[in-house]
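Thanks for coming, everyone. Please take a moment with the picture before we start.

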Amino acid sequence: MKVTVFSQVSIDGKLTFGSGYSSKELFQLFTEEDMQYIHKFRGEVNGIMVGKNTILTDNPFLTNRFEQAKNPVRIIPTRTLDIPLESNIFADDERTIIVTTENGWDERKNELIRQKGKEVIVCGHDLVDFDKLFEILETKYGIHHLMVEGGGLLNWYVFDQNLVNEIILMQLPIIIGGTANISLVDGQGYNQLSYTKRFEVADIQLKSNYTLMRYIRSEGALHDNKKLS
């Protein structure tokens with residue numbers, strides 16, 4: 001499965017103005033044409049993944065607003081099933097998969113989610129096992145291209161497990177700063193160069209109000225990281 005991390009970031013790599021803040025504030029700096037680009041990409045993938053915190057702060061629909069009948073399957077990984085049932089992802093008939101863990105399983109919440117017409121799968125004991133999950137999504141659900149619009153923690157998990165093939169960044173010419181503000185990748189991080197995840201620059205385009213940057217995972221870097229695993 002091809003996995004693309006797709007994000008809107010500041011020059012210093014920040015996604016929001018802090019924990020609990022919506023990333024939608026950055027979207028005010030994009031034009032209608034820019035928004036069409038984001039949604040058009042959603043129409044080109046089979047699945048779209050965000051974390052629970054994105055559901056709580058942004059309450060997105062995760063649909064393709066500019067092309068009918070081209071909505072990706074929505075996948076929400078969470079250690080527990082404590083996602084508000086009033087969230088927009090439960091408000092329509094689009095296919096949605098909530099992924100949880102064995103420790104986070106709750107039969108009552110599972111039934112409430114299923115009553116909304118959505119699916120629940122268990123993958124992992126304490127944490128979601130993304131390696132196994134991505135295999136299930138491809139073989140059982142036919143998802144061959146996944147768009148990850150995660151926050152810093154979700155992005156960390158998929159990068160750390162060497163699951164990302166491509167990065168697309170819409171970098172806005174602003175500085176946000178702040179050590180507590182959410183970055184493109186948070187999580188544990190690395191303290192040795194040999195463990196970092198390396199990508200190659202594939203394309204850079206200067207737009208009127210942002211820079212579009214695309215990176216791809218090199219086969220050599222993937223091989224090196226597998227040896228370190």
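Which residue forms a salt bridge with Arg42? The partner is Glu149, and the closest N and O atoms are 3.0 Å apart. By salt bridge I mean a side-chain nitrogen of Lys or Arg within 4 Å of a carboxyl oxygen of Asp or Glu. Glu149 sits in the loop between strand E6 (145-148) and helix H6 (152-160), while Arg42 belongs to helix H2, so this pair ties together parts that are 107 residues apart in sequence. Helices (H or I, at least four residues) and strands (E, at least two) are DSSP runs, numbered from the N terminus.

Are these two residues buried or exposed? Glu149 counts as buried, at 11% relative accessibility. Arg42 is buried too, with a relative accessible area of 8%. Buried means under 20% relative accessible area, exposed means over 50%, and partly exposed is in between, with a 1.4 Å probe and protein chains only.

A word on the ground rules. This is a predicted model, in which local features need pLDDT of at least 70 and side-chain atom pairs count only at pLDDT 80 or more, while totals for chains, interfaces and linings use all residues. Residues are numbered from 1 along each chain as its sequence is written, and side-chain values use heavy atoms, with hydrogens and water left out.

Now the whole chain. It has seven helices and nine strands. Its radius of gyration is 17 Å, close to the 17 Å that the globule rule gives for 229 residues, so the chain is as compact as a globular protein of that length. That radius is taken over C-alpha atoms, and the globule rule is 2.2 Å times the number of residues to the power 0.38. Along its principal axes, the C-alpha trace spans about 45 × 45 × 35 Å. Of the 229 residues, 47% count as buried.

What about contacts? Here, contact means heavy atoms within 4.5 Å. Take the contacts with a separation of 6 or more: residues 24 or more positions apart account for 71% of them.

Back to salt bridges. How many are there by this rule? The count comes to nine. One joins the side chains of Lys40 and Glu44, at 2.7 Å, N to O. Lys40 counts as partly exposed, at 46% relative accessibility. Glu44 is partly exposed as well, with a relative accessible area of 45%. There is also a network of salt bridges, which links Lys2, Glu166 and Arg214.

Next stop, Glu67. You will find Glu67 in the loop between helix H3 (52-58) and strand E3 (73-77). Its relative accessible area is 26%, so Glu67 is partly exposed. The side chains of Glu67 and Lys70 meet in a salt bridge at 3.7 Å, N to O. Lys70 is partly exposed, at 36%. Glu67 and Asn64 are joined through their side chains by a polar contact of 2.9 Å. A polar contact is a pair of N or O atoms within 3.5 Å; within protein, one must be able to donate a hydrogen and the other to accept it, and residues adjacent in sequence count only if both atoms are side-chain atoms. Leave aside neighbours within four places in sequence, and Glu67 is in contact with His39, Lys40 and Gly43.

Thr63 is in the loop between H3 and E3. Thr63 is buried, at 13% relative accessible area. Neighbours within four places aside, its contacts include His39, Arg42 and Asp92.

Now Asp34. Where does Asp34 lie? Look in helix H2, residues 32-42. Asp34 is buried yet has no salt bridge; the nearest side chain of opposite charge, Lys207, is 7.2 Å away. For charge, Lys and Arg count as positive and Asp and Glu as negative, with His and the chain ends not counted. What does the Asp34 side chain reach? The backbone nitrogen of Thr31, at 2.8 Å. Not counting residues up to four places away in sequence, Asp34 touches Met170, Asn209 and Tyr210.

Last, helix H4, residues 107-115. Asp106 caps its N-terminal end, with a side-chain oxygen 3.0 Å from the backbone nitrogen of Arg108. Just after H4, Gly117 takes a positive phi of about 85°.

That is the tour. Over to you.
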